[in-house]
Amino acid sequence: MSSNINTLLFDLDGTLINTNELIIASFTETLNHFCPGRFKREDIIPFIGPTLTDTFSSIDPKRVKEMIAFYRAYNWKNHDALVTQFDGVYETVQTLKQAGYKLAVVTTKKRDVVEKGLRLSNLEPFFEVVVTLDEVENAKPDPEPLVKALTQLGSVPEEAIMIGDSYHDILGGKNAGAKTAGVAWSIRGREFLESYHPDYMLEKMADLLNIVEIETFTEAKR
């Protein structure tokens, strides 16, 4: 369907690895500490996607640094216990890498915890470029991190798809001039993500293989 595509940019949290419960727990602990009784789980879900600075600035602009530090300490300590795998992600990314596609992670997280997540999920070897919050002035949906990844890969937007679980990923891809793919397993829900009109919607990560016209390992061996 997209024979001109040679580059795939992936968000990390909620797309490649299931960090939803870790993120919710980190926000819950932080907000219960700074704003006891004010936020429930359903209030926290919309915070998934934006940067911590954006989120905490909207809650208490005077204590943003304190809240971020508290959040990150809890998140780091509990990372490996709460992060899980999404079915089919490893196999799909491995297939794409072996087929010669250029792959990058583009995320709003800091590099140390990004690397921790990629190591835990055994995905680290597949990504030649990783652009984190530490390397940019402006996070998604600004196109800067996507453009940075494309430049490092030697790619252009017309050859790329941005894949993510947040509207920041979809808007970031559009702002950069790339195609976009939402993931139906987004914690915000498929319908919410579809309202931002991604070019594709993935029911499972392996659907990406059909979009770029690659056969799975099983089919290739037949």
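Author: The lining of the largest cavity has five nonpolar, three polar and one charged residue. Nonpolar covers Ala, Val, Leu, Ile, Met, Phe, Trp, Tyr, Cys and Pro; charged covers Asp, Glu, Lys and Arg; the others, Gly among them, are polar. This is a predicted model: local features need pLDDT of at least 70, side-chain atom pairs count only at pLDDT 80 or more, and totals for chains, interfaces and linings use all residues. Residues are numbered from 1 along each chain as its sequence is written, and side-chain values use heavy atoms, with hydrogens and water left out.

Reader: Which residues line the largest cavity?

Author: Thr-107, Thr-108, Val-131, Thr-132, Leu-133, Val-136, Ala-139, Lys-140 and Pro-145. On a 1 Å grid over the protein atoms alone, a cavity is a set of points where a 1.4 Å probe fits but cannot get out, and lining residues have an atom within 4 Å of a point.

Reader: What volume does the largest cavity have?

Author: About 30 Å³. Volume here is the space filled by probe spheres set on the grid points, which are joined across faces, edges and corners.

Reader: And the largest pocket, how much space is there?

Author: About 430 Å³. Of its 25 lining residues, Asp-13, Leu-52, Tyr-71, Thr-108 and Lys-109 are the closest to the centre. A pocket is an open set with protein on both sides within 12 Å along at least five of seven lines.

Reader: Which helix gives the most to that lining?

Author: α4, with four residues. Helices are DSSP runs of H or I, at least four residues, and strands are E runs of at least two, numbered from the N terminus. By class, the pocket lining has nine nonpolar, seven polar and nine charged residues.

Reader: Switching to α6. Which of its residues are buried?

Author: Val-113, Val-114, Lys-116, Gly-117 and Leu-118. Buried means under 20% relative accessible area, exposed over 50%, partly exposed in between (1.4 Å probe, protein chains only).

Reader: What else does Lys-116 touch, beyond four places in sequence?

Author: Trp-76 and His-79, along with Asp-80. Contact means heavy atoms within 4.5 Å.
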